[in-house]
Amino acid sequence: MSTAPSSSSVSAPPFRVLGIVGTGAMGRGIAQIAAQAGLTVHLHDQREGAVAEARDFIGGMWNRAVHKQRLSDAEAERYAARLKEATTLSALAECDIVIEAIVETLDAKQSLFCELESLLSEETILATNTSSLSVTAIASACQRPERVIGFHFFNPVPLMKIAEVIPGLRTDPDVVARVEALGQSMGHFTARTTDTPGFLVNHAGRAYGTEALKVLGECVTDPVTIDRILVDQGGFRMGPFSLLDLTGLDVSHAVMESIYHQYYEEPRFRPSPLTRQRLTAGLLGRKSGAGFYRYIDGKPEVAD
Ligand code: NAI
């Protein structure tokens, strides 16, 4: 893998207007840091009410910062004014770059980018926040694959100050440089990775989740104990089951399946039936109120 980590010094963004499609956990986090960096951000989601929820969520983060005297009222108001709702995809027409953070399936991302190409200027960069899918494969559905790039943030975006920048095989080098500059202008360290399944973090970190799921599957112990041991003794910031719940089992399981299939069913990447089962039951993690833990007022209360 050719990594070319670049400096994380903060400079002016190379773009003025950014679009986000998909305003869930990731889209709203990216919108927050982009508005803080001075960009106008147009938000679009296919679910009615999703953009309003995202704006409320982000506004709540800024209000808390004001309360803690880390942000002035005037700054919070200035940031909030930069967030606009795009009720249709055509309303993203003035964006210099659009980042998608929709569902983790190749078909959905390809058809979104095809539709965006028919609506936006030829110059607009199309970036995907995919966790694991091939950027080259997403771009292969586009008329201009050279403007398609992977720009992969981590959850929660404002706290995880790193982003992978993943050129597809046909991405224009100028697009890569501008996207790296954008990441840095938002205060993130950018790591350039090649377009391989899971890129850097979701490849290197695969064993953390899958092995913990095997330990659980063999009834060695329960998720709370595994999390506790790996945090207290292993030195990890978050246990694997807390992390699966934070990411969302819908996203985590899709990522596990995608990496497994892209590596031609290599056994060490095999997904766990335990996540599939919870997914089927609608136990998605924090976002649904229960996953491996149950959440009361956002706090884990009981583990199953
Ligand atoms: P999420 O489920 O929280 O949000 C997805 C949003 O996209 C929803 O609001 C949904 O209504 C909307 N959406 C779905 N299909 C759409 C479409 N065709 N057009 C417009 N809106 C659409 O998902 P999350 O967690 O934000 O993940 C989004 C992407 O980011 C996925 O590709 C995932 O793999 C990636 N990612 C997720 C991370 C995580 O920890 N959850 C970390 C890094 C990347």
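Around the ligand stands a shell of 13 nonpolar, 12 polar and 3 charged residues. In this classification Ala, Val, Leu, Ile, Met, Phe, Trp, Tyr, Cys and Pro count as nonpolar, Asp, Glu, Lys and Arg count as charged, and the others, Gly among them, count as polar. The structure is a predicted model, in which local features need pLDDT of at least 70, side-chain atom pairs count only at pLDDT 80 or more, and totals for chains, interfaces and linings use all residues. Residues are numbered from 1 along each chain as its sequence is written.

The shell around the ligand consists of 28 residues, and the closest are G22, G24, M26, S131 and N155. A residue is near a molecule or strand when its C-beta atom, placed from the backbone, lies within 6 Å of it. Two or more residues of the shell come from each of α1 (25-36), α4 (106-119) and α11 (249-262). Of the elements, α1 gives the most, with 3 residues. Helices (H or I, at least four residues) and strands (E, at least two) are DSSP runs, numbered from the N terminus.

The protein is divided into domain 1 (17-192) and domain 2 (205-296), with bounds that come from an automatic or database domain assignment. The C-alpha centres of domain 1 and domain 2 lie 26 Å apart. The contact between them takes 8 residues from domain 1 and 9 residues from domain 2, two residues being in contact if their C-beta atoms, placed from the backbone, lie within 7 Å. On the side of domain 1 that touches domain 2, there are 2 nonpolar, 5 polar and 1 charged residues.

The expected span of a helix is 1.5 Å times one less than its number of residues. Because 11 of the 12 residues of α1 are buried, this helix is largely enclosed by the rest of the structure. A residue is buried if 20 or more other C-beta atoms lie within 10 Å of its own, exposed if 12 or fewer do, and partly exposed in between, with C-beta atoms placed from the backbone. The elements covering the buried residues of α1 include β1 (17-21), β2 (40-44), α2 (50-67), α3 (73-81), β3 (83-85) and β4 (97-100). After α1 comes G38, whose phi is positive, near 105 degrees.

Helix α2 has 18 residues and reaches 26 Å from its first C-alpha to its last, close to the 26 Å expected at 1.5 Å a residue. Its buried residues are V51, A54, I58 and W62. These cover an arc of only 70 degrees around the axis, which puts them on the same side of α2; the arc is that of the directions from the helix axis to the C-beta atoms. An α-helix has 3.6 residues a turn, so residues three or four places apart point the same way. The buried residues of α2 pack against α1, β2, α3 and β3, whereas D56, G60, R64 and H67 are exposed on the other side of α2. In the loop between α2 and α3 lies Q69, where phi is near 60 degrees, a positive value in a residue other than glycine. Q69 has 7 other C-beta atoms within 10 Å and is therefore exposed.

P156 is found in the loop between β6 (148-152) and β7 (162-167).

Helix α8 (residues 206-217) has 12 residues and reaches 17 Å from its first C-alpha to its last, close to the 16 Å expected at 1.5 Å a residue. The buried residues of α8 are R206, G209, A212 and L213. Seen down the axis of α8, these fall within an arc of 170 degrees, so they line one face of the helix. Their cover includes α7 (201-204), α9 (223-232), α10 (240-247), α11 and α12 (273-280). The loop between α8 and α9 holds C219, which has a positive phi of about 60 degrees although it is not a glycine. C219 counts as exposed, with 7 C-beta neighbours inside 10 Å.
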